[in-house]
Amino acid sequence: MPWKYSGRIIRVGKAWVDNNGTQYPAVWNNYSADEKAAIGLTWEDEVAAHDNRFYWGRNADGELIPRSLTDINEVDEDGNPVNDADGNQLVTLGLKSNAIALAKTQAAGLLAPYDWQVIKATEVESYSVPSTVTTYRAAVRTASNSIGTAITNASDLAAFMALYDTPVDSDGKPTGNAPINDWPDAI
């Protein structure tokens, strides 16, 4: 929440000089509102923070610039496809594609510690994967599919953002996981 003079930020507790060479002491903040206005100081509210998972930032009018939910085929200023060195059109992945890829990576990470047991069961006739492991692995795959479906079904940015909201009770205490992060408990 800065004070400004001619577009410059004037820091509280710091002396400063105006465009006419007039010096103001570090205690300038103790001046009255009228005195500050008379020397050209203005208060400018800070722009509210934005969630950079969903927004690029703000435009010149202060409006949020949303990230695209869907993939964007890149084109130049004439509308022609922008291609990579191999001639393939460049594509900027949207929020949905990135979220689905992350969910698949998370699922792979949850399954990986138990892969050796599945491999061993295929190679050693007398070994079978414990039922707790098979149940857990099935739950991870189900959760991954459910998360992917929820992402795909998000019809707009608000619905997509809601996937990141952790459900809470009337006291504001979490009652579960956010839909985007609703994985089974580890075994």
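A polar atom of the Arg67 side chain lies 2.9 Å from the backbone oxygen of Asn52, a polar contact being a pair of N or O atoms within 3.5 Å in which, within protein, one must be able to donate a hydrogen and the other to accept it, while residues adjacent in sequence count only if both atoms are side-chain atoms. The model is predicted, so local features need pLDDT of at least 70 and side-chain atom pairs count only at pLDDT 80 or more, whereas totals for chains, interfaces and linings use all residues. Residues are numbered from 1 along each chain as its sequence is written, and side-chain values use heavy atoms, with hydrogens and water left out.

Arg67 sits in the loop between strand S7 (64-66) and strand S8 (72-73), where strands (E, at least two residues) and helices (H or I, at least four) are DSSP runs numbered from the N terminus. The C-alpha atoms of Arg67 and Asp165, which are 98 residues apart along the chain, are separated by 18 Å.

The largest nonpolar core has 23 residues, and Ile151, Phe160, Ile180 and Trp183 are those with the most contacts inside it; such a core is a set of buried (under 20% relative accessible area, 1.4 Å probe, protein chains only) Ala, Val, Leu, Ile, Met, Phe, Trp, Tyr and Cys residues joined through side-chain atoms within 4.5 Å. Helices H2 (95-111), H4 (131-153) and H5 (157-162) each give two or more residues to this core, and H4 gives the most, with six residues. Apart from it lies another core, of eight residues, including Trp28 and Leu41.

| Residue | Residues in contact |
|---|---|
| Arg67 | Asn52, Arg53, Phe54, Tyr55, Trp56, Leu95 |
| Trp183 | Ala103, Gln106, Ala107, Leu110, Val140, Ala143, Ser144, Ile147, Asn177 |

Conventions: Buried means under 20% relative accessible area, exposed over 50%, partly exposed in between (1.4 Å probe, protein chains only). Contact means heavy atoms within 4.5 Å. Lists of a residue's contacts leave out its neighbours within four places in sequence.
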